[in-house]
Amino acid sequence: MVSFADDHPSRLRRSILSVPAINVRALEKTHGLACDAVIFDLEDSVFPDKKAEARDNLRRFFTETPLVGREAVIRVNEIGSDYFAEDMAAVIECRPDAVLLPKVDGPDVVRAVADLLAEADASESLRIWAMIETPLGVLNAAQIAASGRTAGGRLDSFVVGLNDLRKATGVVPEPGRTYLVPFLMQVILAARAYGLDAIDSVSNDFRDLEVFGRECLQGRSMGFDGKMLIHPAQIEGANRHFGFSPEAVAEARMIVSAFADPATAALNVINVDGRMIERLHLDEAEKLLAKIAIIEQREGKLS
């Protein structure tokens, strides 16, 4: 059986802050924030007559004051739009960690962008994220996820966009997201089948941190790795709800230590104080500790 989850290194994606590329002041403020990644947006938050200025802002930012210790992601306009070609030219010039594609309906979009990056000799480290925010995107989530595991595939993560999905389906924005849960779980299932991360949608009222906290708890329970944010006030809550308790970290260290014993080297299941621990738990523990190491390394760079 092929395991797709090991194809790419573990990433820390609890809090993904979206920042309009047109807002120079907001770009400057990203330095020192405790989010795990920043999406520099060229799409919905930028008026058509400001797209070129926004791209120039990103060129200066990535050249003069690039992010340290966090993933930098550029969200481009939809493939086939009047802005896509110039957006991708800016991506190739800026060399972010990833390009975020909006309104991905099927795998052809991901493959086309992967081919474009390959033709431009972009580093393999420049990954692709896909926004799942249309009915077709949800229905085709498995095929889209699979496209990241083909030769030359760069797809690393799904980001759910519920505002567009609500508009397209007519689902009303009720507390608890009851009628959206089936869509969300379908995205999670596809992501996990092919080893992708999955980022939950934004919470629109950044002032209501209580509602935001409930959405984070729900998203974590559903299996999301983190949440897309629209305001720095949401960072602390996302990091906390999608983070790791001291007890979970201690248990992960115990599991790694137990399997490091030469006596357990050939065993798939071991007994620790009356508990049966499988080697699959070792894989999970190692991934958790890898994320803890990322936090510690980043805090060292930002301090």
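1. Two strands are taken to pair if DSSP finds at least two bridges between them; strands (E, at least two residues) and helices (H or I, at least four) are DSSP runs, numbered from the N terminus. By this criterion β3 and strand β4 (residues 98-101) pair in the parallel sense, over three bridges. Ala98 in β4 is the bridge partner of Val73.

2. The model is predicted: local features need pLDDT of at least 70 and side-chain atom pairs count only at pLDDT 80 or more, whereas totals for chains, interfaces and linings use all residues. Residues are numbered from 1 along each chain as its sequence is written, and side-chain values use heavy atoms, with hydrogens and water left out.

3. Strand β2 (residues 37-41) also pairs with β3 in the parallel sense, over five bridges, and Ile39 stands opposite Val73. The chain passes from β2 through helix α2 (residues 51-64) to β3 in a right-handed β-α-β crossover (clockwise from the first strand over the helix to the second, with the strands pointing away from the viewer). β3, helix α3 (residues 84-94) and β4 likewise form a right-handed β-α-β unit.

4. Five of the five residues of β3 (residues 71-75) are buried, so this strand is largely enclosed by the rest of the structure (buried: under 20% relative accessible area, 1.4 Å probe, protein chains only). Glu71, Val73 and Arg75 cover one side, Ala72 and Ile74 the other.

How values were computed. Buried < 20%, exposed > 50% of the residue type's maximum accessible area, 1.4 Å probe, protein only.
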